[in-house]
Amino acid sequence: MKDLKNAENLYEYILKLSTYDINKMVENAKSDDEKKLYLKLEEWKTQLLQQKLITKGVF
């Protein structure tokens, strides 16, 4: 799993997380709210990657 302390910013941290990393975070979550946060993180990552592709003109 990537370490947030070593990331330049939250944006880069989110993009570098793998689906496996996020799934592990969900599995290890101690509450439903924590699980929801990690699932939202996956959603944000997908949206950020889509924005990057659209900006570059890749469809």
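The structure is a predicted model, in which local features need pLDDT of at least 70 and side-chain atom pairs count only at pLDDT 80 or more, while totals for chains, interfaces and linings use all residues. Residues are numbered from 1 along each chain as its sequence is written, and side-chain values use heavy atoms, with hydrogens and water left out. The predictor's confidence in each residue is expressed as pLDDT, on a scale from 0 to 100. The chain has an average pLDDT of 85, and 85% of its residues score at least 70. Confidence is highest in helix α2 (residues 19-27), with a mean of 93, and lowest in helix α1 (residues 10-16), with a mean of 81.

The chain contains three helices and zero strands, and its pattern along the sequence reads α-α-α. Helices (H or I, at least four residues) and strands (E, at least two) are taken here as DSSP runs, numbered from the N terminus. Just after α3 comes glycine 57, with a positive phi of about 80°.

The surface comes next. The accessible surface of the chain amounts to about 4,800 Å², and carbon and sulfur atoms hold 54% of it; these areas come from the Shrake-Rupley method with a 1.4 Å probe, and for residues only the protein chains shown count as cover. Of the 59 residues in the chain, 22% are buried. Buried means under 20% relative accessible area and exposed means over 50%, with partly exposed in between (1.4 Å probe, protein chains only).

Within α3, the buried residues are Tyr38, Leu41, Lys45 and Leu48, and their cover includes α1 and α2.

Several contacts (heavy atoms within 4.5 Å) show how these parts meet. Leaving aside neighbours within four places in sequence, leucine 15 is in contact with Lys45, Leu48, Leu49 and Lys52. Tyrosine 11, found in helix α1, touches Leu48 and Lys52 when residues up to four places away are not counted. Its C-alpha is 8.4 Å from that of leucine 48, although tyrosine 11 and leucine 48 are 37 residues apart in sequence. Tyrosine 11 is partly exposed, with a relative accessible area of 34%.

Tyrosine 38 lies in helix α3 and is buried, at a relative accessible area of 16%. Not counting residues up to four places away in sequence, tyrosine 38 touches Ile22, Met25, Val26 and Ala29. Across the chain, residues 24 or more positions apart make up 39% of the contacts with a separation of 6 or more.

Charged pairs complete the picture. Side chains of opposite charge can pair when their charged atoms come close. A salt bridge is counted when a side-chain nitrogen of Lys or Arg lies within 4 Å of a carboxyl oxygen of Asp or Glu, and the count comes to two. One joins glutamate 27 to lysine 24, with the closest N and O atoms 3.5 Å apart. Glutamate 27 and lysine 24 are three residues apart in helix α2, so about one helical turn separates them. Glutamate 27 is exposed, at 55% relative accessibility, while lysine 24 is partly exposed, at 29%.

The other salt bridge links the side chains of lysine 40 and glutamate 43 (3.2 Å, N to O). Lysine 40 and glutamate 43 are likewise separated by about one helical turn, because they are three residues apart in helix α3. Lysine 40 is partly exposed at 34% relative accessibility, and glutamate 43 is partly exposed at 36%.
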